[in-house]
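Here is a short note for a colleague who is opening this structure for the first time. Please keep the 3D view at hand while reading.

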Amino acid sequence: MTDLADVTGAAPPPIPPDAEEGLALSAAIGSIWTGSRLLIGACSFLYAAFAFTFFYLRSLNSHGLWHPEEQHPSLLIGTSATVVLLGAALLHYYGVWRLRNGLNLDWRVAAITALGLGVLSVGLQVYQLTRLNFYPGSSGYASVFVGWVPVHVTLLLGALYWLETLVARSLRVRNAWRGRGDLGGAVTPEATRLRASLDAFNYFYIYLALVGVAFWFLFYVID
Amino acid sequence: MAIDMSNAIGVEVPASEQVPGAPGELPPDRRRGFQLPALFGPGLLRAGVFAVLGYLLGHWFGNLLASGYQQVTNSGDNNTSIILGYLGGTIGWVAGIGVLAYPLFKMTGKEELLAPQRRAGTSRYFKYTLDHKVVGIQYMVGMIVYFLTAGLLALAVRTELLSPTSHVFGPGVYIEIVGEHGTMMMMMMTSVVVGPFGNYLVPLMIGAKRMAFPRLEALSFWLTPAAYVILLSSLWLGGFPTGWTGYATLSIQAGQGMDAYVVAFGVMAVSIILAGFNIIVTVINLRAPGLTWGRLPVFVWGVMTTSFLMVLATPVLFGGLYMLAMDRTVQTSFFTDTLGGSSYLWENLFWFFGHPEVYILALPGFAIVLEMLPVFCRKPIFAQKVAIAGMVGVSSLSFFVWQHHLFDSGINPDMRPLFMLTTELISIPTGFIFLVGMGTLWKARIRLTVPMMFCMGFFFNFLLGGISGVFLSDVPADTTAHGSFFVMAHFHYTIMGGLLFAFFGGLYYWLPKMTGRTMNQRLGKWNFITMFVFFNSTFLPLFAVGELGQPRRVFEYAKRLQTLNDWVSISAFLLGFAILLFVINLVWSMIIKPVATVENPWHSRGLEWQTTSPPPPGNFERIPIVLASPYEYGNPEALPVSDLLSPGRAPVAANGANTPTGQATTAGPDTERTS
Amino acid sequence: MAPDTGRTEERSGRADGVRILVIWLILSAICMPLVWFVWGPHLPPGGLSDQAAGQRFDNKVLGTVATPVVLLVCTFIIYALVNWRQDGDDIEDGPYITNKVRWSGWWVGITTVTVLCLAVFGTYELENNNGAGSGSGPSPLFAASGPYLPVQVIAQQWRFTFRYPTYGGMETTSLMIPAGQEIQFNVTSLDVIHSFWAYQLGVKADANPGVNNVAFVKAYHPGKFNVMCAELCGLWHGAMTADGQVMTKADFVAWANRTEAQEAPVTKLLPKYSTVYAPDETGAGGTYYGPQYPVNP
Amino acid sequence: MTDTATSASAASDGERRPVALSSRPLARGMAVLGVAAVLTGVLVWAVFAYLRSSVPSVDFTKTAGPVNLRVQTVAAIGFGPHPTWVSYLVQDPSGKWVHSTIWQLPADRQINVTVDEYDSGGALRNSLWGGITGTLDSQATVNGKPTSVVDPAAGNGIAHTFNVPDLGINVPLYGISSKAKNPCSAAPCDTSSDHTTITFSFHTPAGGGDYRWQCFVPCGLAYLNGNGGPMAAIGFMSGFLKVVA
């Protein structure tokens, strides 16, 4: 990138082809980093649209129909889905930390568990949608709830797909990298890139879990 | 989305660049078993078939889900099946073109290390490809087609308005046409610069061999034809009555044509987000060594600030469209006040996107014009930092002005002074662009080539557009102007007079780069003159029409305004001919009788001109080291822009790009080179 | 180039600058009074009401301020295109000027001051009656100075009707108002978003379902005005117009009393006057939402 | 990229070296473009022809003297792309029922309208439209009884209205009972089905012009506010009186 930024004066020697490889690698890692943060930014605006909707309709309370008392999604299922997702994200975060310490197996177990828990969280949220005691248009609250859950579930499924590709890849290269530190320690460009992707995913998963917690507050505490 | 997040892995390394079998590296996975007969291979044919199948499947599923709804039985309109059909069709389309193969393949844990076969010839332009230059050309052709379609619809609008009382189309079809025109122009043209020029030129200008996420880039293009077809198909479902703003609750009341609006805009929103995302990541990470932020061309700055708006503002629109779709299918009540919703909600969500959107449409125009000015003034860009500050300022302020669209709506009336202030503040950074433009013109050595003419046209048009905006930002003056033809004239001045003039200028400027062929300059001059004259003759009277009391989107109007309206309509038809002149020039110069360009025809210092026209597959023989700003005209001490100009290369670029003061070189094709 | 080109550049630059300045000043001196004195009094939306006159004043001020800006840019560009061209095949570089901090500073300073002045001016105008013609929501900051006549504007697809709560709640299809009295328009909609635009009165207020959007006007003298819908509301948006008339106070009272008596049989059918009308009040709805919902708009 | 340049400029001049172009047969390019242009033209023509095609207008200007207009409103049209939509129909001068709402009328003439109303009634969104205006004597006869106001909340309620804003005409059409034993199921209905008959007369203006008319009952069932679907489509619940001078 800009390592050679301060070249001044006479033209420096051209970049040799093998240095280009290094440039490409650092660019790829940088891209994954930037991309994941940007993804979080874009998703935040999407979620913000729903948070805005929540507070806007709540403050307007048109025709007194923001949230009639009796309309409640199941607190038990909602809380479970949120907690499961948060747990999965934290577990994965922990797994990545262990991976940095060279404990590849720990990460694999954590990642596969996080994948399973993520699927469970999706399942719970979808199940909750089928168990509502109100119709989608019964109130402002009902609309925001019924509208938000599929969005969260879809983004979550995207994240789970990402995690699945990481796990699948790591399992496939396990034998080839064994003895050279495996995923956590191998110094090949591909391992570096895979770790970058893993870090990026880690942030995104935690982000989704935290969004889940935030909206849990909106839906069950503030309501 | 996450789909492409980890793919920066060496997929795009051109085969020639690959260093196989670095010690300890894994052997590349070969994609065996994926070879299908040509008919079923990825391509337009398969995409078309899949799209139809996807539509039918989605439609069937929607019917299955919703046929029991009372609402569906009574109205005969099943919105669920239409929306799912369109979504299925879109997925089928991108699957057919070959987008989904890699993400699915990735799920197995394999990694595709080989670049897909490089396809030569014209056929690659009809395929899913990872070459940013091919995507750029695809975007360019697509955008021109979308623009012409929407332009024809505009002529239909003006045809109806020839008479205040008798009707060519009638009120229903007229509103459909207005909606189609507006929506197509606003949503498709969002990518009019970022799509073609952003994708094609940004890697060339930053000295990169590729974009950061080539698959997302290709996907972002291949979504646009889907959005285009879906939007047009609305006409067969009775169109949508809401115009491009899609105000609820009219949009919930509307028939099935509205579903096409929702899905098409949603698909385009995804495309916009992906395109912007890719550009930002590319600019941040793939710049060549030595390309500091200070040396980054203004065009790249402009495209990048635009991209930030695209990535951050569009999700809000997407959320709004999704809520609209939910209201229309599963019957939530986001926008229905009697059930706890509010029609204000849509106005807020839509304009929170909508106002950044109009700057998404303005900023690339600034970028193109400021990029071309130094070349044709033979001077450094004046106060480059001010220019950048202007663009960054415009884009960040644009998030805080949206309620000026709602001054009369009754939303937060006590906030109006604030939004009046922010709106007027935004003219400060916009003024920077004029400062930079005028500073660059100061004592310049102007070559009045066709692109330069479009630049000058841009400044004039955008000046009027911007000044008229001040009337709209002032609440009392806005009371009359709001919702009238005045607004309509205002944003046509900024978007058509601004963005599209810049786009046309950009085409004349960069087509030689992109195709190796040069546009006919004589036709180009006539194209500019007619376009400039008839553009102003079309839209200048509309300011008056609006202030004299003609609301927007009406099929009938006061008889006293007929003369003005007829004048406008006739000018609009002539403007149509002016644009036809461009199409003729394009087809003639690019296809029928191509004239090869000389390399670097404009004698630009820009990095994009330091390679052949069109550039080879990897853009540059090697990654360049950037040594100086591209705008160092007239500086005898300036280094060449990059180390590519070392011995062994033809001297043309060096000579033209870095002419020492006073030294004369021969000019490019701007001096009448018709053969 | 000769070694002292820098100095000559500087000097000829100064000459160019002075020339542009002079041309610009002369043009502005000619055009600004023209805009203010000749064009200004004829600017829309006219002078039928206090609010319309206020808007015309704003248009006049903004037009006069905008004139020198347009002239400056146009003068500069035309001057540049005429004087700083290079023709022929030779390409010659211009002077190496990357920035002139003083210019940039002045530019930024002047534009900022202008813009802030305009914002202050706009705010002042808004808070002082001239903005009263635009819809200000259910609880407007602006308050009528004296007794005012409330008139409700009901928009529905695709007609405006007008209700006079002080005249027995009668409803009419054309809008009559007295001159010389403050009128409070209560604008609401029965279905989608419309916008009530009384062009010559300088009134525009969106009609939103379930919202009472208030605008004020005070007409100076009798005259006709047009009412139009300014927000796309569907099929007949373009034809959604109504006639309006400002009458003398005496004429108005006579008209209102006559109409109230005439319309009494129909007025009886109307729901009680209210700032908004929900569809379930009359039972008329489209049953878009199913029977499981409390109301069926 | 080794093809010979087609450009005439000298390739030997390094400084003005043209980019090599692949030579392509001109004829083929022209043919492709020609076909593309023709296809585009046909497509554009088809789209605009489709958009132009609208409801046919029924001509009543040929008859001398007062024009007798016989109209019916039905609960469901029963055919075409929207069989469930409510609609107006009109009997053309030859006595055939036509699904059209664009009626061409002579200027400055009395028009006697008879409406056979086959739809059940209900409430009005704005009860103002219960009053009868703009007709001769501001009256209409409902099932033979002269009436000047129809209460939407009483009896069967109002099924539709015939409202011409620019002529000041408003006639509410009293509905049939929602429990009617013999409702009409498909248009055109004949008078053996349950219906109400409303007659009224109005005078067309002397000058020509197009006067829009519409219904003000939220009868676009299952559309928000009842104003979508048939209410927002010419040919069903709104149309034009084309007055020909």
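**Notes on the structure**

1. Start with one pair of residues in chain D. D:Leu69 has D:Val113 as its bridge partner in β6(D). Keep in mind that this is a predicted model.

2. Now widen the view to the two strands. Strand β2 of chain D covers residues 67-74, and strand β6 of chain D covers residues 110-117. They pair in the parallel sense, over seven bridges. As background, strands of a sheet pair through backbone hydrogen bonds, either parallel or antiparallel.

3. Where do β2 and β6 sit in the order of the sheet of chain D? The order is β4-β3-β2-β6-β11-β7-β8, so written for an open sheet of seven strands in chain D. The pairing in this sheet is mixed. Its edge strands are β4 (97-98) and β8 (145-147) of chain D, and each of these pairs on one side only.

4. Next, chain D as a whole. Its secondary structure comes to one helix and 13 strands.

5. How much of chain D is buried? Of its 245 residues, 44% are buried. Contacts in chain D can also be sorted by sequence separation. Among those between residues at least 6 apart in sequence, 67% join residues at least 24 apart.

6. Chain D also touches chain C. This contact takes 26 residues from chain D and 28 residues from chain C. On the side of chain C, three elements each supply at least two residues: β1 (148-156), β2 (159-164) and α4 (249-267) of chain C. By class, that side of chain C has 16 nonpolar, nine polar and three charged residues.

7. Turn to chain B. Chain B is divided into domain 1 (36-116) and domain 2 (129-592). The centres of these two domains of chain B, taken over C-alpha atoms, are separated by 30 Å. Their contact takes 14 residues from domain 1 of chain B and 17 residues from domain 2 of chain B.

8. Which element gives the largest share of the domain 1 side in chain B? Helix α3 (residues 79-97) of chain B does, with ten residues. By class, the side of domain 1 of chain B that touches domain 2 of chain B has ten nonpolar, three polar and one charged residues.

Definitions and conventions:
Residues numbered from 1 in each chain as written. Chains lettered and ligands numbered in written order. Predicted model: local features only at pLDDT ≥ 70, side-chain atom pairs only at ≥ 80, totals over all residues. Domains from an automatic or database assignment. Contact = placed C-beta atoms within 7 Å. Helix = DSSP H or I, 4+ residues; strand = E, 2+ residues; numbered from the N terminus. Nonpolar A, V, L, I, M, F, W, Y, C, P; charged D, E, K, R; others polar. Buried ≥ 20, exposed ≤ 12 C-beta atoms within 10 Å, placed from the backbone.
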